[in-house]
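Biologist: I'd like to learn how to read a new structure, one feature at a time. Could you walk me through this one?

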Amino acid sequence: MASEQVIGSVRVLVGKHEVGKHEPGSVSSVAVVRRRGEHGGVTKQPRADRFMDLDADPREGGTSLGDERTTLLEFLRCQRLTLQVKCEGLDVAQLACRAVEPSTMSLLGLVRHMAEVERAWFRRRFAGQDVPRRYQSEAEPDGDFDGAEPDQAVVKEAWAAWHEEIAFSEQLARDTDLGFIGRDSAGNPISLRELLVHMIEEYARHNGHADLLRERIDGRIGQ
């Protein structure tokens, strides 16, 4: 039997399908969100809706049952693609929208931030390249987010930077022993194996932010 809960100004109706009776691809427990309208009414939004068709999902069909390196790289590939998927179909203003106030985060800011993170770890700390940061500086430590302006040139540069840094990171991760030791920002030793796990965690954390940002922009949720 369904039960209804009130959370703030949102009513949440939670119901369950009979076990074994739900269709393939559905979930056994479905929450339906009823949002209050302008005149006190509510609209229903099924929480189990998919963001896209499985056939169009670029994260599907990857390697499974691989060795350690293959597994780590596959999980990282999927996390990177999740950020890309969450940004697709939006215009410049939407990408730069700081949709969860008072946070300065935006989807565009996340792309810039992760380009900076990839660069710092793989180029600077593991490859030992003496390259400058892309967006952050002592004067502007949050330049990756603060500089995410609704400008087509800014958006184009951000995607180009992100793809460029990922290409370098992927090459290094394929060609380097997992036990290779780099240094973190404090100079402490860290293996490539640990770095890959950290990058999966870093993307996963920010993809949670991306979920909320995207939902606030156009209501797209999940997956």
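**Salt bridges and beyond**

Modeller: Let's start with a count: there are 12 salt bridges, where a salt bridge is a side-chain nitrogen of Lys or Arg within 4 Å of a carboxyl oxygen of Asp or Glu. Bear in mind that this is a predicted model, so local features need pLDDT of at least 70 and side-chain atom pairs count only at pLDDT 80 or more, while totals for chains, interfaces and linings use all residues. Residues are numbered from 1 along each chain as its sequence is written, and side-chain values use heavy atoms, with hydrogens and water left out.

Biologist: Which residue does arginine 119 meet in a salt bridge?

Modeller: Its partner is glutamate 165, with 2.7 Å from N to O. The two sit in distant parts of the chain, arginine 119 in helix α3 and glutamate 165 in helix α5 (residues 152–175), 46 residues apart. Helices here are DSSP runs of H or I with at least four residues, strands are runs of E with at least two, and both are numbered from the N terminus.

Biologist: Are those two side chains buried or exposed?

Modeller: First, the general idea: buried means under 20% relative accessible area, exposed means over 50%, and partly exposed is in between, using a 1.4 Å probe and protein chains only. Arginine 119 has a relative accessible area of 11%, so it counts as buried. Glutamate 165 is buried too, because its value is 0%.

Biologist: What does arginine 123 form with glutamate 165?

Modeller: A salt bridge, with the closest N and O atoms 2.7 Å apart. Arginine 123 is in helix α3 and glutamate 165 in helix α5, so this pair ties together parts that are 42 residues apart in sequence. Both arginine 123 and glutamate 165 are buried.

Biologist: And where does arginine 134 come in?

Modeller: Arginine 134 also forms a salt bridge with glutamate 165, at 2.9 Å between the closest N and O atoms. Arginine 134 lies in the loop between α3 and α4, and glutamate 165 in helix α5, 31 residues apart. Arginine 134 has a relative accessible area of 25%, so it is partly exposed. Salt bridges that share partners join Arg119, Arg123, Arg134, Glu157, Glu164 and Glu165 into one network.

Biologist: How do I read contacts around a residue, say alanine 115?

Modeller: Contact means heavy atoms within 4.5 Å. Leaving out residues up to four places away in sequence, alanine 115 touches Tyr135, Ala161, Trp162 and Glu165. Alanine 115 is in helix α3, and it is buried because its relative accessible area is 0%.

Biologist: Which peptide bond is cis?

Modeller: The one from glutamate 101 to proline 102 is, with omega near 5°. Proline 102 is in the loop between α2 and α3.

Biologist: How about charge on the surface: which residues gather in a negative patch?

Modeller: Patches are made of residues with over 30% relative accessible area and no salt bridge, with like charges joined within 9 Å and nonpolar side chains (Val, Leu, Ile, Met, Phe, Trp, Tyr) within 5 Å. Here Glu140, Asp142, Asp146, Glu149 and Asp151 gather in a patch of negative charge. One of them, glutamate 140, is in the loop between α3 (107–126) and α4 (143–146). Its relative accessibility is 48%, so glutamate 140 counts as partly exposed.

Biologist: Stepping back, how many helices and strands are there?

Modeller: The protein chain has six helices and six strands, and from the N terminus on they run β-β-β-β-α-α-α-α-α-β-β-α. Of its 223 residues, 35% count as buried.

Conventions
Accessible areas come from the Shrake-Rupley method with a 1.4 Å probe; for residues, only the protein chains shown count as cover. Lys and Arg count as positive and Asp and Glu as negative; His and the chain ends are not counted. The place of a charge is taken as NZ of Lys, CZ of Arg, CG of Asp or CD of Glu.
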